[in-house]
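Subject: Handover of a structure and notes on it

Dear colleague,

Please find below the structure that I am handing over to you. My notes on it follow directly after.

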Amino acid sequence: MSIDLGMPASSPHGLVGVPTLPEGSTPQTKKDFTSDQEVRWCPGCGDYAILAAVQGFLPELGLRRENVVFVSGIGCSSRFPYYLDTYGVHSIHGRAPAIATGLATSRPDLSVFVVTGDGDALSIGGNHLIHALRRNVNLTILLFNNQIYGLTKGQYSPTSRVGLVTKSTPFGSVDRPFNPVSLALGAEATFVARTMDSDRAHLTEVLRAATAHRGTSLVEIYQNCPIFNDGVFDVLKDHTQAQARIMHLVDGQEVAAGDTVVVRGDDGALVVLPRDEADPARIVRHDVHADDPSLAFALSRLDDPSMTHVPMGIFRDVDRSTYDDLVRAQVDGTVIGAGGPATDDDLAALLAGRDSWHVGA
């Protein structure tokens, strides 16, 4: 069932400056964005569903394929660029956000996506990820979370649950896992969402909103690894269980699942209660555009390894100046205090300024 996220179906805001197809062009289809490469993931991998959703969604943007770029790091998810008929970069382990930052800053005519996994993004790539989020670079980051290392054959990852027995934790993991949504909100990301590989309608709606956002959009996608961590999200895929556990975040509506609602407790903390026990005045209504990320962060903390209460949807969507727009404005001299457009003479003076010295003269 499609969930209305309370967001516009499409918006040009996040794609300002990216050339679109000429008026009157033949509409694009999924086939236009599908490469001739054989898709090679394990049978049953959730990546297949995500790929199909992305290939089906891209034609909606009306962009030239040569103005779309997918940058990936290392891992199963990072095969993505091979299977899309756009430009793509299969880059370095954990460094996709850094490479994508350079692209987005130097090429405003590109719509830049990052595809990464929980290991790639949150372990070796954690530093690059949080700074892309902090800077608010105009990127759409798809973070596939299967709570395991898949490509390297089943080691525990930064999102694996405590006690998980893997090839690298034979006695059970003792690490406390990251909550990627909490991490992103803590870095004050301007767009943060969560969706799931098997919910095609919801995944597509979240992608629409993420791409429409100008700035860094972080979309966590729960994705099943059938070989090394099979069934980790099964309780959210069973229809009956999902109704009781998944709290769909819809702007302006109560945060609820089944017969339970989220309320503010006496100490201000969020609590999940049966509806018939809740004070209507304390029931939380979601505000996706709240400038203060505190409530969105508190909602993200309702989730735990038991998956009893799992917020799903857009946690935050706010406007803030983007890093790449500000850098380009600074170079052009249109930022307040920039002192006018940079010139070749300015660059030469900078390179040979009083802080330079000669070695071996």
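I begin with a pair of strands: strand E9 (residues 260-264) is joined to E10 by five bridges, and the two run antiparallel. Helices (H or I, at least four residues) and strands (E, at least two) are DSSP runs, numbered from the N terminus, and two strands pair if DSSP finds at least two bridges between them. Opposite Val263 stands Val271 in E10. These strands belong to an open sheet of three, ordered E8-E9-E10 with antiparallel pairing. Its edge strands are strand E8 (256-257) and strand E10 (270-274), each of which pairs on one side only.

Before going further, please note that this is a predicted model, in which local features need pLDDT of at least 70 and side-chain atom pairs count only at pLDDT 80 or more, while totals for chains, interfaces and linings use all residues. Residues are numbered from 1 along each chain as its sequence is written, and side-chain values use heavy atoms, with hydrogens and water left out.

A second open sheet has eight strands in the order E2-E1-E3-E4-E6-E5-E11-E7, and its pairing is mixed. E2 and strand E7 (246-249) are at the edges with a single partner strand each, so one side of each is left without a neighbour in the sheet. On average, neighbouring strands of this sheet are turned by 20° against each other, direction ignored. E1 and E2 pair in the parallel sense over four bridges, and Val69 has Tyr87 in E2 as its bridge partner.

The loop between strand E1 (68-72) and strand E2 (87-90) is the place of Ser78. Is Ser78 buried or exposed? With a relative accessible area of 0%, Ser78 is buried (buried means under 20% relative accessible area, exposed over 50%, partly exposed in between, with a 1.4 Å probe and protein chains only). Leaving aside residues up to four places away in sequence, Ser78 touches Ser72, Gly73, His90, Val115 and Asp120, where contact means heavy atoms within 4.5 Å.

Turning to the helices, helix H2 (residues 96-106) and helix H4 (residues 126-135) pack at an angle of about 35° with their axes 7 Å apart. Axes are lines fitted to C-alpha atoms, for helices over the stretch in contact, and angles run from 0 to 180 degrees between N-to-C directions. In this packing, Pro97, Ala98 and Thr101 in H2 meet His128, Leu129 and Ala132 in H4. By class, the contact has four nonpolar, two polar and no charged residues (Ala, Val, Leu, Ile, Met, Phe, Trp, Tyr, Cys and Pro count as nonpolar, Asp, Glu, Lys and Arg as charged, and the others, Gly among them, as polar).

Which residues of H4 are buried? They are Gly126, Leu129, Ala132 and Leu133. Seen down the axis of H4, these buried residues fall within an arc of 135°, so they line one face of the helix; the arc is that of the directions from the helix axis to the C-beta atoms. The buried residues of H4 pack against H2, helix H3 (118-124), strand E4 (140-145), helix H5 (180-186) and strand E6 (217-222). Just after H4, Asn136 takes a positive phi of about 65°.

The structure also holds seven aromatic pairs. Rings of Phe, Tyr and Trp (its six-membered ring) pair if their centres lie within 6.5 Å; planes under 30 degrees apart count as stacked, over 60 as edge-to-face and the rest as tilted. Trp41 and Tyr48 form an edge-to-face pair, 5.5 Å centre to centre with 85° between the planes. Trp41 is buried at a relative accessible area of 8%, whereas Tyr48 is partly exposed at 32%. Tyr222 and Phe233 form a stacked pair, 4.3 Å centre to centre with 10° between the planes. Tyr222 lies in strand E6 and Phe233 in the loop between E6 and helix H7 (234-237), so this pair ties together parts that are eleven residues apart in sequence. Both Tyr222 and Phe233 are buried. One aromatic cluster is formed by Trp41, Tyr48, Phe70, Phe80, Tyr83, Phe113 and Phe144.

Phe228 lies in the loop between E6 and H7 and counts as partly exposed at 28% relative accessibility. Not counting residues up to four places away in sequence, Phe228 touches Ile148, Tyr149, Gly150, Lys153, Gly154 and Lys167.

With kind regards
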